[in-house]
Amino acid sequence: MLMNGFDEGVLPLLGYAMLALAVVAFVLALTAREDAYRAAGKQTKTFWMVILGITVVVDFFLGMLFLQIAGLVASIVFFVDVRPALKQVSGGGGGRRGGGSSSDGPYGPYNGGR
C-alpha cells in the first residue's frame, strides 16, 4: 500500500523536477557563447548541448530511472561547475549589476571620507 502511493505520487514529481532542471540547464547552455566555453577551459558548447539534450529526451520520453539519474548528475555538474565558470568569463560574475568598481558601496563609490 505504501509503495503504491510512492510509485504514483512521489516518483512522478521527482521525474518532473529532473525534467525541469534538465530543460533549464539546456536553455542556459544554449544561450552561452561558444568562445566562453573555450575561455573557461570547459568542454565545448556542442558537447554540453548533446549531453543535456539527451538528458531532456530521456527524462521526457523514456523515463528509465538509471538514465534519468545519469542525466541529473550531468545537469548538476553543469550548474555547479560549468555555468559559474561561463558567468565569470562572460563578465557576469561578482553579483554586481552595472559593473561598478571594487570600491563601490551599496549607494555608490566610496571616496574615503573626502
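**Salt bridges**

I searched the whole structure for salt bridges and found 3. I keep in mind that this is a predicted model.

I looked up aspartate 35 first. Its salt bridge is with arginine 33, and the closest N and O atoms are 3.0 Å apart. Aspartate 35 has 34% relative accessibility, so I log it as partly exposed. Arginine 33 is also partly exposed, at 47%.

Next I took glutamate 34. It forms a salt bridge with arginine 38, with 3.7 Å between the closest N and O atoms. Why do glutamate 34 and arginine 38 sit about one helical turn apart? They are 4 residues apart in helix H2, so about one turn separates them. I noted the general rule beside this: an α-helix has 3.6 residues a turn, so residues three or four places apart point the same way. Glutamate 34 is partly exposed at 30% relative accessible area. Arginine 38 is exposed at 55%.

The remaining entry is aspartate 81 with lysine 42, where the side chains meet at 3.1 Å, N to O. This pair links distant parts of the chain. Aspartate 81 is in helix H4, while lysine 42 is in the loop between H2 and H3, 39 residues apart. I have aspartate 81 as partly exposed, with a relative accessible area of 38%. Lysine 42 comes out partly exposed at 26%.

**A charge without a partner**

I then checked aspartate 59, which lies in helix H3. Is aspartate 59 buried or exposed? It is buried, yet it has no salt bridge. The nearest side chain of opposite charge is arginine 83, 17 Å away. Leaving out residues up to four places away in sequence, I see aspartate 59 touching Met18, Leu19, Ala22 and Gln68.

**Helix H3 and glycine 53**

I stayed on H3. It has 18 residues and reaches 25 Å from its first C-alpha to its last. That is close to the 26 Å expected at 1.5 Å a residue. Its buried residues are Lys45, Trp48, Met49, Leu52, Gly53, Thr55, Val56, Val58 and Asp59.

Glycine 53 belongs to this helix, which covers residues 45-62. Why does glycine 53 count as buried? Its relative accessibility is 18%, and the limit for buried is under 20%, so it qualifies. Not counting residues up to four places away in sequence, glycine 53 touches Phe26 and Trp48. I also checked glycine 53 against alanine 22: they are 31 residues apart in sequence and 8.1 Å apart in space, C-alpha to C-alpha. Just after H3, I noted glycine 63 with a positive phi of about 70°.

**The nonpolar core**

I listed the largest nonpolar core. It has 11 residues: Ala25, Ala29, Ala32, Ala36, Tyr37, Trp48, Met49, Leu52, Phe78, Val82 and Leu86. Helices H1 (2-31), H2 (34-40), H3 and H4 (65-89) each give two or more residues to this core. I picked alanine 25 to follow its contacts. Leaving aside neighbours within four places in sequence, alanine 25 is in contact with Leu52, Ser75, Phe78 and Phe79.

**Whole chain**

I closed with the overall picture. The chain has 4 helices and 2 strands, in the order α-α-α-α-β-β. Of its 114 residues, 23% count as buried. Among contacts between residues at least 6 apart in sequence, 60% join residues at least 24 apart. The chain exposes about 8,000 Å², and carbon and sulfur atoms supply 66% of that.

How values were computed: Residues numbered from 1 in each chain as written. Predicted model: local features only at pLDDT ≥ 70, side-chain atom pairs only at ≥ 80, totals over all residues. Heavy atoms only, no water. Buried < 20%, exposed > 50% of the residue type's maximum accessible area, 1.4 Å probe, protein only. Contact = heavy atoms within 4.5 Å. Expected span 1.5 Å × (residues − 1). Core = buried A, V, L, I, M, F, W, Y, C linked by side-chain atoms within 4.5 Å. Lys, Arg positive; Asp, Glu negative; His and termini not counted. Salt bridge = Lys/Arg side-chain N within 4 Å of Asp/Glu carboxyl O. Areas by Shrake-Rupley, 256 points an atom, 1.4 Å probe, with all protein chains shown as cover.
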